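The sequence and structure come next.

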Amino acid sequence: MYFPYLRGKKFEFLAVRELAQKGLLYKNNSVNVIPIFEPVKNNFNYFDEFITNNIIFGIVVNPKVVKVDYDLIQHYILTNESYKNNFFVCILIESNNENEVLNYKSIYKNFNKIYIHKKYNHILANNLLVFNDGIYNLVSTSIGNIYNILNNKVMLEDSFEKLDRNADYPAESYFNNYYLTYKQLGYIGISDYLTIGDTYSETGGTPIAVAIHLSTEQNNAIYIKHFVSDNIVGRGDVSVKFTQAVGKLVNFVIQNNITHTEGIKEFLNWANTNHFPNLGPVKKASMKHHIELLNNLIWQYNNKLVIIKIKREWC
């Protein structure tokens, strides 16, 4: 399974909604993608649509990247208790918030929970059995193997190397190969921060260079292609810079016969119509492609494992 870790910004919600509308969070009529949202605003209207349309997701009740009113989140969740099978309550564990974690564990005892072990907590690490009521336990790779006894572990890693300047991105960078190895390492799924990274910023401002990040599978691993505009001077002409960057992406897709995911279809359409949709939709298309790619890779590899197992049983 795949658990993309997102923040509650407009185009992140839209990316998930558009994929869900086309059934691309599922495989073989089963949920294979569960997006996790860490709210960054005191507005949860987008979740209403997910809940009423059976789009399974997780909502972090104690977000850390931005100061959000925890009481408002709690009120929203308890108000929607009748829909509790449509979403997960997610509780972040950090190095010194054990009292907060245990408090929310009690408040949401009747809800399906996902614990997100983002940082090592030396107090809770001595009593990991308290997390056995979680449906899933996302565990950061920075913690190591200390939490091996947890049930239903999901590997969480920030594999995207975010740079301060778009102009500094290389042609490609390594992401990870966990879609091949996570089961061998004792996990039941993987989680990442897509082509955004864990570092959060409210607004990016007008960039000096436009960079489009596209996840690809090659040599049994995921790499990120970075298509950077030729013009990397000044903060103007963003539409021209986008045209330069998306032209490089289209050439790569055509030359390498890359599958036309929903995200890539958007890039191709913008290039063909010479349209600049603004940078929010560009990030959305990149996220959509990443989610669809990971979903497909995890599914394909799991099917290969099943086939290999059947063959061995018949030998």
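## Fold and basis

The protein chain has 8 helices and 13 strands. Helices (H or I, at least four residues) and strands (E, at least two) are DSSP runs, numbered from the N terminus.

The model is predicted: local features need pLDDT of at least 70, side-chain atom pairs count only at pLDDT 80 or more, and totals for chains, interfaces and linings use all residues. Residues are numbered from 1 along each chain as its sequence is written, and side-chain values use heavy atoms, with hydrogens and water left out.

## Overall dimensions

The C-alpha trace of the protein chain spans about 60 × 55 × 35 Å along its principal axes. Its radius of gyration is 20 Å, which agrees with the value near 20 Å for a compact globule of 315 residues. That radius is taken over C-alpha atoms, and the globule rule is 2.2 Å times the number of residues to the power 0.38.

## Burial, contacts and surface

Of the 315 residues, 51% count as buried. Buried means under 20% relative accessible area, exposed over 50%, and partly exposed in between (1.4 Å probe, protein chains only). The accessible surface of the protein chain comes to about 15,000 Å². Carbon and sulfur atoms hold 48% of that surface. Areas come from the Shrake-Rupley method with a 1.4 Å probe; for residues, only the protein chains shown count as cover.

Contacts (heavy atoms within 4.5 Å) were also counted by sequence separation. Among those between residues at least 6 apart in sequence, 68% join residues at least 24 apart.

## Second largest pocket

The second largest pocket has a volume of about 270 Å³. On a 1 Å grid over the protein atoms alone, a pocket is an open set of points with protein on both sides within 12 Å along at least five of seven lines, while a cavity is a set where a 1.4 Å probe fits but cannot get out. Lining residues have an atom within 4 Å of a point. Grid points are joined across faces, edges and corners, and a volume is the space filled by probe spheres set on the points.

This pocket is lined by 13 residues. E217, I258, T259, L293 and L297 lie nearest its centre. β12 (211-218) and α8 (279-314) each supply at least two lining residues. α8 gives the largest share, 5 residues. By class, the lining has 4 nonpolar, 8 polar and 1 charged residues. Ala, Val, Leu, Ile, Met, Phe, Trp, Tyr, Cys and Pro count as nonpolar, Asp, Glu, Lys and Arg as charged, and the others, Gly among them, as polar.

## Cavities

The structure holds 3 cavities of 30 Å³ or more.

The largest share, 3 residues, comes from β11.

## Loop residues

Most residues other than glycine have a negative phi. N152 is not a glycine, yet has a positive phi of about 50°. N152 lies in the loop between β8 (136-140) and β9. It counts as partly exposed, because its relative accessibility is 36%. N145 is found in the loop between β8 and β9. At 60% relative accessibility, N145 counts as exposed. Its C-alpha atom is separated by 9.5 Å from that of L185, 40 residues apart along the chain.

N274 also has a positive phi, about 55°, without being a glycine. N274 lies in the loop between α7 (262-272) and α8. With 61% relative accessibility, N274 counts as exposed.
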